[in-house]
Every structure is written in structure tokens, then in C-alpha cells.
Amino acid sequence: MPFARIAAVLSLGRLLTLTILGGVVYLGFVAGPFGGLGPGDFSPETVAEREVAFWQATRAREEFGAFVNAVRLQREQHRYSWFRALEAGFYTTRAALTFQGLHSRYERVLPDLETAAGVQKAWTKADLDPSAVARAELNWWVTRRLPHLSTLDQVAPLIERDYELRYRLRPGAASDAAARRAEAALLFDASDVDPNLPAITRLLTASYQSLRRTLVRTDAAGD
């Protein structure tokens, strides 16, 4: 085989290899997950399972477990690329683990929560205010922790406000989803040793099913 022909074959092989590698990198780190990239395209069951796992790892101060579950949760819920999920997962995990050890000055976690919300804004091109979203999320985290305020009537409206700001929803649109998530969170908090994980997961699944219906309706209506 002439040298020029061999060189052409080798160049073609190198090009194919680079193309395949480029495709792997794109699918792994740039592209979002399969199944749609809309705000309501997540699996409620998967999101619920990963949120419970994240709560468990955070409570146990398992940094690696919390991070892995945060990344998987962010990718599924917000339809991120792996790169964006890693970024959002890092800041979410650091905020949650820091918050776990705080008893005052909770606003110390706001920069991380704001950065995580900023990832959502950049990825979705949504008209949201990362600072307001971060504050709304921290409000229900703190209220959930305080014994005299940690009730369904107190926590649910704060989660609802988080959803309204995060997804640009009308007031009341996510009240059912917020109430079920608050109930799941409070049930998890009620036991430090052996929380009823199946019941908590069922509540979260119902919450995310309700949220998905709301997001799909809102998207279809163009609100």
C-alpha cells in the first residue's frame, strides 16, 4: 500500500477516534439527559429517591454520598448536563453540609445557594433571580429546623414561595406539591434514628408528580 494511502487511512482513523471521543464528551458533559429537557420532563420517582438519599447522607455528614446524590438529583430534576449537575451539586452539597452544623448566622450558606440557583438560571435561560431563590430556599430550611415553627402550616407556604420564584409560577399553583414535600421533610426530621423512608419517599413522589403536572400545564399555557 503506498505511503500516501496509509497516511490517509491513519488520518481517517484518527478523525473517527476524535469524533467518537468528542461525541462521548458531548453526551457526558454538555448534553442534558435523554427524555426531554423541559422543566416537567423529570421522573418524580427518581427525583424523590435521590432527594431522600441526599437527606440521609447530609444528616450523616457523608460528604461524598451527599455530593453524589446531589449531582444525580440536580441532573434529573433540572435536566442538566453532567457538567452543570456537578457544578450545582457541589454548591448545593456545601450549603447543606454547612447548614447542618450551624445554629445561628444561617445566611452564611446564601452564597452557595445563590450560585446553585445561578446554574439553573444559566441552563434554563429562565427569568429568575438567583438571590431571591436562594433566600426563599434558606427560609424554609431554617423554619423546618426551628421547633416552634416546624409545622406543615409554616413550612409548606415557604416551599411554595421557593417554587414560585424558581419556576416563575402563579401564587397557589404549586401549593399541593409544596404541602406534600413539607410533610415528607417534617416526617424525615421527626426521627433522628430510623425515619420511615418508604412513607417519606411516597410523599416526595406524590409531591413531584404534582409539581410536574403544574410545570407542564404552565409550559403549555405559555405563562
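Arg 72 is placed in helix α3. Helices are DSSP runs of H or I with at least four residues, strands are runs of E with at least two, and both are numbered from the N terminus. The model is predicted: local features need pLDDT of at least 70, side-chain atom pairs count only at pLDDT 80 or more, and totals for chains, interfaces and linings use all residues. Residues are numbered from 1 along each chain as its sequence is written, and side-chain values use heavy atoms, with hydrogens and water left out.

Arg 72 counts as partly exposed, at 34% relative accessibility. Buried means under 20% relative accessible area, exposed means over 50%, and partly exposed lies in between, with a 1.4 Å probe and protein chains only. The C-alpha atom of Arg 72 is separated by 9.3 Å from that of Thr 46. The two residues are 26 apart along the chain.

The chain holds nine helices and zero strands. Its pattern along the sequence is α-α-α-α-α-α-α-α-α. Of its 223 residues, 43% count as buried. Contact means heavy atoms within 4.5 Å. Among contacts between residues at least 6 apart in sequence, 64% join residues at least 24 apart.

Thr 46 is one of the buried residues of α2. Others in this helix include Pro 44, Val 47, Arg 50, Glu 51, Phe 54 and Trp 55. Helix α2 covers residues 44-59. The expected span of a helix is 1.5 Å times one less than its number of residues. For the 16 residues of α2 this gives 22 Å, and the end C-alpha atoms are 22 Å apart, so the two values agree. Arg 61 follows α2 and has a positive phi, near 60 degrees.

Helix α5 has 15 residues. From its first C-alpha to its last, α5 reaches 21 Å, close to the expected 21 Å. Its buried residues are Leu 110, Asp 112, Leu 113, Ala 116, Ala 117, Val 119 and Gln 120. The cover over these buried residues includes α3, α4, α6 and α7.

Most residues other than glycine have a negative phi. Lys 125 sits in the loop between α5 and α6. With a relative accessible area of 68%, Lys 125 is exposed. Arg 168 also has a positive phi, near 60 degrees. The loop between α7 and α8 holds Arg 168. At 46% relative accessibility, Arg 168 counts as partly exposed.

A pocket is an open set of points where a 1.4 Å probe fits, with protein on both sides within 12 Å along at least five of seven lines; lining residues have an atom within 4 Å of a point. Grid points are joined across faces, edges and corners, and a volume is the space filled by probe spheres set on the points. The largest pocket contains about 840 Å³ of space. Its lining has 36 residues. Trp 55, Phe 99, Trp 140, Trp 141 and Arg 144 lie nearest the centre. Helices α2, α3, α4, α5, α6, α7 and α8 each supply at least two lining residues. By class, the lining has 18 nonpolar, eight polar and ten charged residues. Ala, Val, Leu, Ile, Met, Phe, Trp, Tyr, Cys and Pro count as nonpolar, Asp, Glu, Lys and Arg as charged, and the others, Gly among them, as polar.

Arg 144 belongs to helix α6. Its relative accessible area is 14%, so Arg 144 is buried. Beyond its neighbours within four places in sequence, Arg 144 is in contact with Trp 55, Ser 150, Val 155, Ala 185, Leu 186, Phe 188 and Asp 189. Arg 144 and Gln 154 are ten residues apart in sequence, with 8.3 Å between their C-alpha atoms.

Helix α9 spans residues 197-221 and includes Thr 218. Ser 207 is also in α9. Ser 207 is buried, with a relative accessible area of 0%. Leaving aside neighbours within four places in sequence, Ser 207 is in contact with Tyr 163, Ala 177, Arg 180 and Arg 181. Thr 218 is buried as well, at 12%. A polar atom of the Thr 218 side chain lies 2.8 Å from the backbone oxygen of Thr 214.

Note on methods
A polar contact is a pair of N or O atoms within 3.5 Å; within protein, one must be able to donate a hydrogen and the other to accept it, and residues adjacent in sequence count only if both atoms are side-chain atoms. On a 1 Å grid over the protein atoms alone, a cavity is a set of points where a 1.4 Å probe fits but cannot get out, and a pocket is an open set with protein on both sides within 12 Å along at least five of seven lines; lining residues have an atom within 4 Å of a point.
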